[in-house]
Amino acid sequence: MLSRTRFVPLALVGAALLAGTVHADLTESLKKGAADLKSAGPLGFGPDGILFVGDPSGGAVFAIDTGDRGNPATGTLKIDKVDELIAAKVGATAKDLIINDLAVNPATGNAFISISRGKGPDAAPAIVKIGHDKKIDVLDLKDVKFAKTQLANAGAKNAITCVAYSKGKVLVSGMGNESFASTLRSIPFPFTEANKPTSVEIFHGAHGKTETGAPVRTFIPFDINGQTNILAAYQCTPLVKFPLSDLKPGEKVKGQTIAELGNGNMPLDMISYEKDGKQFILIANNKRGIMKLPTDGIEKASSITTPVKGGVAAGLKYETIKEWTGVFQMDKLDKEHALVLIRTTGGDVNLDTLLLP
Amino acid sequence: MIAKRITHEPGLAFSGLGLALLIFILALAGCAPRTQTVSEPSLTLRFNDGNNAFEVLGLDARNLEALKNADWTQERWTALLAVHVGTSEKDKPAVVGKHRVDGILHFDPQFPLLKGVRYQALFDPSQLPFPPADAQLAQCTVMLPTPLDPPLGVAWICPTADTLPENQMKFYIHFWAPMSRGDAFEHIRLLDSDGKRIESPFYELAGEHWDERQQRFTLFLHPGRAKPGLKLREELGPVLEAGKQYTLVIDGNWPDADGNPSKKSFRKSFKAGPPELQPVDPKKWKITAPRVGTTDPVQVTFEKPLDDAHLRRMLWIIDRTDKRVALRIISTFDHETRWGYSPAEPWMAGEYRLVVDRSLEDLAGNSVGQVFELDQFRVTVTEQNKNSTLLPFTVSQR
C-alpha cells in the first residue's frame, strides 16, 4: 500500500554492510506452491521483493516472493485508463474489476496492484505488476514462493484495512463485519508456528469523557526519535500516534490524538516523505485533495484532550493539495515522486506519477 | 493443409466472411452448447466451456509436434492464438493464460470467462511453425449468458423494529441472492422525514462488509457522527435524532453477482428513539426451558433488542459435561428481543447452561457488562476479563 517500508530494507542493507556481512535473504523462508488467496486486499512491501498481501475473505496474510529484484528504475510512469488495460489482461471489463491497493516495490520502482476480478462472491483475486516499460503482468499465484499466516477469527469475517512491514514485523489493521471493534496485529516475520500474532485493541481518546474502540482505516510506521510509532488515521477522523512497543499481547493501547481531520476527509491511504530536510505525511481522502501535514515537532505535539468545538481543526495543522483530487491509492515511487491511482470525474482510473508537494 | 470449404455445425449460428470466419454465439440459458465452433473440415477454433478453454482442432502432426516442443515467449504464442475482451484491439493486452498442446492446441485463460462479457479469440495459422500456404485468420466470439430472470433484490433488513435508538450502530441488509460488491454505497441512502438525503451517514469502508456468500451487507452508521467531541459530529451533527422519522433506501440498480439489477428498490422506515446507553445484562433475561424428549427450542427473552448476527453465533447451549448441544436451528423473534435454540436431538432431562459470549451487543454496540462509550482505561470490573457468562436452566418433565 504505502512506502512505509522504503527505508527498512535500505537500513538493513546499510547495517549489514557496516557489519561486513550481508543480511539473510528473507525469501528463503518461503516455500513454492499454490498461494490459496481467497481475496487480494491491502498490500505492503518488505525486503527482498517480498509482498505482504492481506486476504480479508480468507482471514490471512500472505508473504509472496514477487521475484522483483534489481536496480530502481528511473523516470516516471503514466498510464491512462489503466483499469481497462488490467481488466483486458484478466479477461474482464473495467466494470468487473475492483482495484484494492497499490504498492511500489522500493527496490525496483515497479508497481503492484491487488484486484478482485469480478464482483460476486466467486470473484478471483489477482495481483498485477506494472513495470516502467508499462508492461502489465499477472502474478502466477499458483506457482510462487510464499508463506501464509492465518489471523485468529472469532467467527465473523473481518475486513483488513491496512498491511505494512516494519523491522521484522508485519502489521495488520482490521475490523469485524459484525462489530465495531478494531484490532491491530503485529506478526513476526518469517512466519513460524512459534511466531504467533499479537493482537491488541486500539482506542483513541479525546472524545470528551468517553473512549471507544474504533477501526483504523490506514496507518504507517513512523520513526520518532529512533522509536517506531504507528501513525493511524481513523474513519471518524482523528489522526493518532502510539509507540509500536505498546503493542503487547492482551493489552489495550491508547493512542494520542495529534490531529482532527474533520468532515469530508475520510482517509484512504497515507505515505510519509522528506522534502528540503523536513518530514511530511500525505493522506489521501475520498472527497477533497490530498492533506499534507508537516511532522516536525510531532514528538512534542500535544495531545488533543478536549472535545472539538465548533468544527475548529485541532492539533497538527494540514494544508489541502487540491491538484491531487481523485487520488485514492498512492505509494512513494522515489525521493521526489509518488505513484498514484486517480479516479477521474468520468470514472476512469489513471496511473500517474506526481511530484511530492 | 487447411481446406477452404466451410461446414456448419448443426444448431449453431454461423456466418462466413471469406475464409476469415466470424461466429457470434449467444448461448442462451438452458441451451448452452458444450462447444461453440467455427470450423473448417480440418481446422476448428472453438470455446469449450466444459474445460474453460479455447481449442484449435485439426492441426497436422508436424505442427503439433513442433508446437509441443516450442520454446516460445508469451508474445510469440499470443501471435498464434490470442483471446481479447471485446474485440481484438491491438492497444489492449490479450487475456492472460497458458497455451498447451495435447493432441490439439489449447489456450487456458487464467481466469474463467465472465457471464455477459464478450470475448474474441483469434487464431493466425501464418504463425504456425509450418504455416499453410493459404493460411487465413480464424475468429470466434463467445459470450456466456446471464440469467434471464431478474434478481429479487433485498429480502429484509435487521434490526426489524420500527423504532431504533438514536445511537443505532448498524444495519444488516439481507438479499435473496449473492450481490456484487465494490459500489455498495452508490445504492444506499438515508432520507429524513422530508425525503431529503442525509449527508455522510455511513462508514464507507472500501472493502465493504459482506458475509461469505455476499448475501448480507453490513451497513455501519458513521461513528464520527455518533461520538460526542469529534469534529465530524460538531460539523454535521448526529446522523439520527430521537423523535425524528427516517427512511433507509436500497435502490434497485444494485447489480447481483451476475451484474443484473433487480429494478426493485427497498425502503425501511423507522423512527429514532432515545439513545441506548446500558450494557447488555443477562441477569435480566428470562429463560423458558423446553420439555424433555422434544426438540422444542429453549427460549430466551432479552431486556431489549440485541444484534441479530451476534445472536446467531454468540449464544449457545452446553450440557452438564460442558459439551455443546448440537444445533438444529436458531431463531429470533419479536424484533430480536427473543431467541430460540432448537437442538438436533431431543432434550434429555437435566441441567443445561446457556453460554453468553460477552462480546454480544445490542443495537448500539453496548456489550455484556460494558457500554460502547466508556473510559476503557479506568474501568475495573473483575468480570471484564471473562469471555463468557453462563446461565443455567433445567429440562424436566412438566
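In strand β20 of chain B, Gln299(B) is the bridge partner of Thr288(B). This is a predicted model, in which local features need pLDDT of at least 70, side-chain atom pairs count only at pLDDT 80 or more, and totals for chains, interfaces and linings use all residues. Residues are numbered from 1 along each chain as its sequence is written, chains are lettered from A and ligands numbered from 1 in the order in which they are written, and side-chain values use heavy atoms, with hydrogens and water left out.

Start with the sheet around that bridge. Strands here are DSSP runs of E with at least two residues, helices are runs of H or I with at least four, and both are numbered from the N terminus. Two strands pair if DSSP finds at least two bridges between them. β19(B) and β20(B), residues 298-301, pair in the antiparallel sense over 3 bridges. They belong to an open sheet of 4 strands in chain B, in the order β19-β20-β23-β22, with antiparallel pairing. Its edge strands are β19 (286-288) and β22 (327-333), and each pairs on one side only. From one strand to the next, the twist averages 15 degrees. Such angles run from 0 to 180 degrees between N-to-C directions, with axes as lines fitted to C-alpha atoms, for helices over the stretch in contact. Strands of a sheet pair through backbone hydrogen bonds, either parallel or antiparallel.

Now look at the nonpolar cores. A nonpolar core is a set of buried Ala, Val, Leu, Ile, Met, Phe, Trp, Tyr and Cys residues joined through side-chain atoms within 4.5 Å. Buried means under 20% relative accessible area, exposed means over 50%, and partly exposed is in between (1.4 Å probe, protein chains only). The largest core has 74 residues. Ile130(A), Trp324(A), Leu105(B) and Phe123(B) touch the most other members. Strand β24 of chain A, residues 337-343, gives the most to this core, with 5 residues. Leu105(B) has contacts (heavy atoms within 4.5 Å) with residues including Phe54(B), Trp77(B), Arg100(B) and Phe123(B), leaving out residues up to four places away in sequence.

Charged pairs come next. Side chains of opposite charge can pair when their charged atoms come close. A salt bridge is a side-chain nitrogen of Lys or Arg within 4 Å of a carboxyl oxygen of Asp or Glu. The count over all chains is 27 salt bridges.

One of them joins the side chains of Lys129(A) and Asp68(A), at 3.4 Å from N to O. Lys129(A) lies in strand β7 (124-130) of chain A, and Asp68(A) in the loop between β4 (60-65) and α2 (82-89), so the pair ties together parts that are 61 residues apart in sequence. Lys129(A) is partly exposed, at 22% relative accessibility. Asp68(A) is buried, at 3%.

Lys95(A) and Asp96(A) form a salt bridge too, with the closest N and O atoms 3.9 Å apart. Here Lys95(A) is exposed, at 60%, and Asp96(A) is buried, at 14%.

Another salt bridge links Asp140(A) to Lys98(B), the closest N and O atoms being 3.3 Å apart. Asp140(A) lies in the loop between β8 (136-138) and β9 (144-150) of chain A, and Lys98(B) in strand β8 (97-101) of chain B, so this pair joins two chains. Asp140(A) is partly exposed, at 28%, while Lys98(B) is exposed, at 55%. Salt bridges that share partners also join Lys78(A), Asp80(A) and Asp352(A) into one network.

A polar contact is a pair of N or O atoms within 3.5 Å; within protein, one must be able to donate a hydrogen and the other to accept it, and residues adjacent in sequence count only if both atoms are side-chain atoms. The side chains of Gln120(B) and Gln139(B) make one of 3.0 Å. Gln120(B) sits in strand β10 (118-123) of chain B and is buried, at 9%.

A cis peptide bond joins Phe189(A) and Pro190(A), with omega about 5 degrees. Pro190(A) is in the loop between β12 (182-188) and β13 (198-207) of chain A. Another cis peptide bond joins Cys158(B) and Pro159(B), with omega about 0 degrees. Lys81(A) is not a glycine, yet its phi is positive, near 50 degrees. Lys81(A) lies in the loop between β4 and α2 of chain A.
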